[in-house]
Amino acid sequence: MTAYIPFVPLTGGCRCGKVRFRMEAPPIITHCCHCRLCQKTSGSVFAVNAMIETGHLAILEGEPAPFQDADCQKALKCPACRFSLWSHHPMFGEAIAFVGVGMLDSGERLPPEAHYFTRTKHPWVVLPPDLPAFEQLGDPGKAGFGPRVAAALAGAEIGKRQFAETV
């Protein structure tokens, strides 16, 4: 039996340290995304993201700048070093943020709970057999996942419809 460990807020920041933030609630899910966009954005074979309601993120220092990329993904970046603090996927709008776990001071506290877009994963990446894995998106079966996403998207009809169609 796994002991319950209460969530302790996590802090993080950009590379140069001019922008700092805090994740004030546990993420909806921490996942590895193997899509081509995440591969290019991370410069690696996948990205590890903590999906969380944007309202649970607090800026502690500095002023991040919004950036809209060519793929319609919006990111908040440090204006000095240009490192992304978090991004918003068009499907979820600004209600949900995807925080790169590597941006957190203690990101090791958030191991992946699922793998997404495995249809484009590199063939030599071996997925753990005990974690949910999906060729695209999917409901990982984590308690509270669906209700938290739905609550965050309550005001965005298109987001709710797209989310419902993919999980």
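The following conversation goes through a predicted model of one protein chain and asks what lies behind the words used for it.

Colleague: How do you know which parts of the model can be discussed, and how are the residues counted?

Modeller: Because this is a predicted model, local features need pLDDT of at least 70 and side-chain atom pairs count only at pLDDT 80 or more, while totals for chains, interfaces and linings use all residues. Residues are numbered from 1 along each chain as its sequence is written, and side-chain values use heavy atoms, with hydrogens and water left out.

Colleague: What makes up the secondary structure of the protein chain?

Modeller: The chain has three helices and 10 strands, where helices (H or I, at least four residues) and strands (E, at least two) are DSSP runs numbered from the N terminus. Read from that end, the order is β-β-β-α-β-β-β-β-β-β-β-α-α.

Colleague: Why is Gln73 called buried?

Modeller: Buried means under 20% relative accessible area, exposed means over 50%, and partly exposed lies in between (1.4 Å probe, protein chains only). Gln73 has a relative accessible area of 16%, so the word buried applies. Of the 167 residues of the chain, 40% count as buried.

Colleague: Where is Gln73 placed, and which residues does Gln73 touch?

Modeller: Gln73 sits in the loop between strand 6 (65-68) and strand 7. Taking contact to mean heavy atoms within 4.5 Å, and not counting residues up to four places away in sequence, Gln73 touches Leu37, Phe67, Gln68, Ser87, His88, His89 and Pro90. The C-alpha atoms of Gln73 and His88 are separated by 5.9 Å, although the two are 15 residues apart along the chain.

Colleague: Why is the pair of Arg148 and Glu53 called a salt bridge?

Modeller: A salt bridge is a side-chain nitrogen of Lys or Arg within 4 Å of a carboxyl oxygen of Asp or Glu. The closest N and O atoms of Arg148 and Glu53 are 2.7 Å apart, and the pair forms a salt bridge. Arg148 lies in helix 2 (residues 145-152) and Glu53 in strand 4, so the pair ties together parts that are 95 residues apart in sequence.

Colleague: Are Arg148 and Glu53 buried or partly exposed?

Modeller: Arg148 is partly exposed, because its relative accessible area is 24%, whereas Glu53, at 13%, is buried.

Colleague: How many salt bridges does a search of the whole structure find, and what makes the pair of Asp105 and Arg20 one of them?

Modeller: The search finds five. For Asp105 and Arg20 the N to O distance is 2.5 Å, and their side chains meet in a salt bridge. This pair links distant parts of the chain, with Asp105 in the loop between strand 9 and strand 10 (114-116) and Arg20 in strand 2 (residues 20-23), 85 residues apart. Asp105 has a relative accessible area of 43%, so Asp105 is partly exposed.

Colleague: Which residues of the lining of the largest pocket lie nearest its centre, and how do the lining residues divide?

Modeller: The largest pocket is lined by 39 residues, and Cys38, Asn49, Gln73, Ser87 and Phe98 lie nearest its centre. The lining divides into 25 nonpolar, 11 polar and three charged residues, where Ala, Val, Leu, Ile, Met, Phe, Trp, Tyr, Cys and Pro count as nonpolar, Asp, Glu, Lys and Arg as charged, and the others, Gly among them, as polar.

Colleague: What makes this space a pocket rather than a cavity?

Modeller: On a 1 Å grid over the protein atoms alone, a cavity is a set of points where a 1.4 Å probe fits but cannot get out, whereas a pocket is an open set with protein on both sides within 12 Å along at least five of seven lines, and lining residues have an atom within 4 Å of a point.
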